[in-house]
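Open the model in your viewer and keep the sequence beside it. The stops below say what to select and what is there.

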Amino acid sequence: MSGAGDTTLLERSTDECVQLKSASALAFAPNGVLLVGDGLGARVYAYETGDLGPASGRPIQIDDLTGKIAALVGTTPDQIRVPDMAVNPASGNVYIAVARGAGADADHLILKADASGQLTELDLDSTPHTSVDLVDQPDAEKVDRRGNALRTDTITDLGYAGGKVVVAGLSNEEFASTLRAIPYPFGAAQKGAAIEIWHGAHGQYETNAPIRTFIAYDFDGEPEILASYTCTPLVRIPVAKLTPGAKVMGMTIAELGNMNRPLDMIAYRKDGHDHILMANSNRGVMKLDAAGLGDYGPITEKIAATRGVPYETIGELQGVRRLDKLGEGHALAMVATGDALNLTTIALP
Amino acid sequence: MFRAEPWTGAEPSGGWRSVFEVFASESATAPGLLGAYRREGDAILFTPRFAPRADVRLRAVLRPPGGEPVIAWFGGVPRPERAPTTRVASVTPSADIWPENILRLYITFSAPMRLGVAWQYLRMLDAAGRPMGGMFVEVDQELWDPEGRRLTVLFDPARIKRGLVDHINEGPPFEVGQRATLLIEPDWRDADGGLLAAPFEKAVTIAPPLRAAIDPADWRLTPPRGATAPLVVDFPHSLDAAIAARAFSVRQSGARITGTIRLEATETRFVFTPDRPWTPGAYALVADAVLEDIAGNRIGRPFDIDRREPRLADAEARGTEIAFEAGG
C-alpha cells in the first residue's frame, strides 16, 4: 500500500519574501506540508500550511476554474495557466498552482479551495516555510551573447517518499535526468544533488533518461517510487538507492500500449484491493490492478504489445490532466473540456 | 486602489468584503478581486492583489446597510490588435539534413512567446503535407529558456530508443530518405498578444541515424593563424548548439580565456575569437562531458548503449582536452 511514512514537523523559517519564478509541481508531505517545485528558481519550498483538518469528506466541484481565477486576479482567462494541483490529505482542501500572465514573466501564486469552492490565496511570505536549493548544474551560469542564461530545469513532478522529498526534472538542454531525493526536513546548507536515473530498454539498450511523473509506493514496507519516464510508462525505483551521485536503473513493470505515457497517477485501496489510477497522454484514464505489484518481474525482452501489470480503461473519464486522492473513496480530477478547465470529484472506480 | 465613501459605521461583522467588492468578471458565479481592505477616515479602501489589466471591465459594488447597492464601472478599454512583428529567429539543428534519431530542436523567437500552448502550433508534416502524429514529447510544462524566447522540443525518445514498444510498433519518428517539413503556425501569439508575422517552415531530408559516441579523434583543430585570428574546430557531425555553446572552453594553464564563441556550418564548426590577442604559448580546447551531438551522443558514450557490445558496457560520458599552440 502506498503511504507517506513517518510524520515530520517543519521548523519555522527565517526566509525573506518568497518570489516564485515558477510553480510547476505541487505535492503534500505529512502534516499539511505543501511542497512547491520552482524549477526556474531552482528551489523546492515546503510550506507548513497549518491546514490540518479535520478532513471535511465533502466533494469539491469548481467549474470554469480558469475563468474564476482570472476574475480573482483581474485578468482574462487566456492569461491564466494552472500547472498543477494537490489535495491536502489532512484537510481535503485543494491547492492550485497558478501563473498569471501569458509569458515567462508571469506572476506565480498558490490558491486554496475548500469544499465550498471558494478560492483564497496562500500567503507565501507569512506561511512558515523552508526551502532547498537545487543548483548543482555544470556551467549553469553560462550566459548567451546578450547576457542571459538559457539553460533551465523544469520540475515535472515531486513527492514525499520514505522521509525524502523526491524531485523529478527535465532540462531544456541535455537529456540527462535530474532526479533528486532530499532528506526532509531540509537541512541548513543542504543541496539537492542529482542522481543519474537510467532506463534499460528491455535488457539490451540503456539510456540516461528523465522522469515525467511518479508516485510513492511501498513494496513490503520499503518505500519506492513508481515512475514514468519520458519513454516508458511504469518503472520501479527503490528510494534507498536514491543517493547523490548514484547511477540507478529503473525496473520496467508495465507496458501500456503504443505512444502512451502517464500524466499523473494515484494509488488507492478499494474493497480490499490495491489499484493505481492513471491519467494518460493518449489513452484516457486507466485503472491498474496493483494486487501483487511487487511480483511483476522486469520486462526484459523486446515486446510489441502491452505487458505486465493488467489494466482497464475508464471510458467515462475524458480530458483528465491531473489527479489526486480526495479522502478514501474519491479523487479530485483536473479536467480539460475544450478551453475550460474544471475541478471535479470522482468516485474511485 | 478603489475607494468607497462615505462609510461611517464600524467594519461589518462579515468583513469589508461583505459591503464593498470589485469584480473583474460578469459571470454571476465569479468571485471578486483578491486584495486588501483598510479604513481611512470615512472611506473604505481596496487595493487589488494584482493591478487589473486595462482591458478588463471592472465593477465596484458598495452595499450600504438598508440601501440600494451603488455600482461604478472602470476600465474595459479594449486592447487594439497589435501588429504581428514576432518571428521565428532560428531553428537548430540548422542543417536541412537530419539524422533519423534526431533528439531535439531549439526554436528561438524574436520576442517572448505565450507559454502553455506550444503543442497546438507545432507540426511535422510528411512529404504529402499531412501532419505526422506522435512526434514530440508534449510535456505540459514546456521547456523554455527563462525569457520565454527559446523552446526546446524533444522528439519522442520512446520512438528513438531501440528495443522499446513504440520503437518496434511505430518505428522511429522519421525514416531514412524521408522528406518532412517543420511547420510553426502563425496564429501562435507572443507573450504580448501579437500574432507571428509569418508561418515558419523548414524542409528537411532524413539521413541514417547517428549511433556512435562522439570521438574527439575525428575533430580537426585549426590553430589560430595570427595574434587575433580565431581558433577553429571542425566536427564530422552537427553538435547540439545550445550545449556546445557552454560545453567548450579555451584555457591557458587551466585558466579560461574570455572570447566569443560561434557555431557555424550547420553546427559542425566551433569558432573561438579571443577578446585579447593570443599571447604566444600552449593552450587547450576543453570540452565538458555534457557535450552532445544532435542525436544525444556524448564523448565516449552513445545515446543508447548496446549492452551486447562489451566495449560499451561501462561507457561513461567524459570530457576531453586538446592542446594547441597560438600566438607564435
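Begin in chain A with β16 and strand β17 (residues 247–255), which run antiparallel and are joined by three bridges. Strands here are DSSP runs (E, at least two residues), numbered from the N terminus, and two strands pair if DSSP finds at least two bridges between them. Select A:Arg236 and look across to A:Met251 in β17(A), which stands opposite.

Before going on, note that this is a predicted model, in which local features need pLDDT of at least 70, side-chain atom pairs count only at pLDDT 80 or more, and totals for chains, interfaces and linings use all residues. Residues are numbered from 1 along each chain as its sequence is written, while chains are lettered from A and ligands numbered from 1 in the order in which they are written.

Now select strand β15 (residues 222–229) of chain A together with β16 (residues 234–238) of chain A: four bridges join these antiparallel strands. The two form a hairpin, with four residues between them. Which residue of β16(A) is the bridge partner of A:Glu224? The partner is A:Pro238.

Move to chain B and select β2, β5 and β6. These three strands form an open sheet in the order β2-β5-β6, with antiparallel pairing. The edges are β2 (20–23) and β6 (70–75) of chain B; each has a single partner strand, so one side of each is left without a neighbour in the sheet. On average, neighbouring strands of this sheet are turned by 20° against each other, direction ignored (axes are lines fitted to C-alpha atoms, and angles run from 0 to 180 degrees between N-to-C directions). Between β2(B) and strand β5 (residues 57–62) of chain B there are four bridges. Select B:Val22 and find B:Ala60 in β5(B) opposite.

The next sheet in chain B has four strands, in the order β7-β9-β12-β11; it is open and its pairing is antiparallel. At its edges stand β7 (88–92) and β11 (143–144) of chain B, each with a single partner strand, so one side of each lacks a neighbour in the sheet. Two bridges join β11(B) to strand β12 (residues 150–154) of chain B. Select B:Leu143: its bridge partner in β12(B) is B:Thr152.

Finally, colour chain B by domain: domain 1 (2–75), domain 2 (88–207) and domain 3 (216–326). These bounds come from an automatic or database domain assignment. The C-alpha centres of domain 2 and domain 3 of chain B lie 27 Å apart.
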